[in-house]
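Subject: The structure I promised you

Hi,

Here is the structure I said I would pass on. Have a look at it first, and then read my notes below.

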Amino acid sequence: MKLEELFEGVIFISDLGETQTIRQNDKEITFGQYAVWAPISGTSRHQIVEVSDDLSYLMKKYDISKNNVCTLI
């Protein structure tokens, strides 16, 4: 079963693994570990609305319970 099916119409957080940093045009870009996925209105799909290393912050900001957090094991 896909995450999209598990969380259809529901906002959730996924663990993207370790924080990643890349260098592009002499600039460092850092990608956080956790992504908030929100449903796209009128579809069965989701889009990432925010990425951060601070899971607690994201859970509080978007009112997401631990049941709606998918982490890597």
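Let's begin with the surface: the protein exposes about 5500 Å², and carbon and sulfur atoms supply 48% of it. Areas like this one come from the Shrake-Rupley method with a 1.4 Å probe, and for residues only the protein chains shown count as cover.

Before you go on, two notes on how to read all this. It is a predicted model, so local features need pLDDT of at least 70 and side-chain atom pairs count only at pLDDT 80 or more, while totals for chains, interfaces and linings use all residues. Residues are numbered from 1 along each chain as its sequence is written, and side-chain values use heavy atoms, with hydrogens and water left out.

Now the overall layout. The protein has two helices and six strands, where helices (H or I, at least four residues) and strands (E, at least two) are DSSP runs, numbered from the N terminus. Going from the N terminus, the order is α-β-β-β-β-β-α-β. The C-alpha atoms fill a box of roughly 40 × 25 × 25 Å along the principal axes. Of the 73 residues, 26% count as buried; buried means under 20% relative accessible area, exposed over 50%, and partly exposed in between (1.4 Å probe, protein chains only).

Which strands make up the open sheet? Four of them do, in the order β5-β4-β1-β6, with mixed pairing. At the edges sit β5 and β6 (69-70), each pairing on one side only. Two strands pair if DSSP finds at least two bridges between them. Strands β1 (residues 12-15) and β4 (residues 34-39) have four bridges and run antiparallel to each other. Here Asp15 has Tyr34 as its bridge partner in β4.

Tyr34 turns up again in the largest nonpolar core, whose seven residues are Ile13, Tyr34, Val36, Leu58, Met59, Ile64 and Val69. Such a core is a set of buried Ala, Val, Leu, Ile, Met, Phe, Trp, Tyr and Cys residues joined through side-chain atoms within 4.5 Å. Both β4 and α2 (55-61) supply at least two residues each. If you click on Met59, you'll find that it touches Ile13, Ile64, Ser65, Lys66 and Val69, leaving aside residues up to four places away in sequence. Contact means heavy atoms within 4.5 Å.

Strand β5 (residues 46-52) is worth a look too. Ser52 lies in this strand and counts as buried, at 15% relative accessibility. With residues up to four places away in sequence left out, Ser52 touches Gly32, Gln33, Tyr34, Tyr57 and Leu58. Val51 is also found in β5, but is partly exposed at 37%. Together with Leu16 and Ile48, Val51 forms a nonpolar surface patch with about 230 Å² of accessible area. Patches are made of residues with over 30% relative accessible area and no salt bridge, with like charges joined within 9 Å and nonpolar side chains (Val, Leu, Ile, Met, Phe, Trp, Tyr) within 5 Å.

How many salt bridges are there in the whole structure? The search finds two, a salt bridge being a side-chain nitrogen of Lys or Arg within 4 Å of a carboxyl oxygen of Asp or Glu. One joins Arg23 and Glu28 (3.5 Å, N to O), and both of these residues are exposed. The other joins Glu50 and Lys61 (2.8 Å, N to O). Glu50 is in strand β5 and Lys61 in helix α2, so this pair ties together parts eleven residues apart in sequence. Glu50 is buried, at 18%, whereas Lys61 is partly exposed, at 45%.

Cheers
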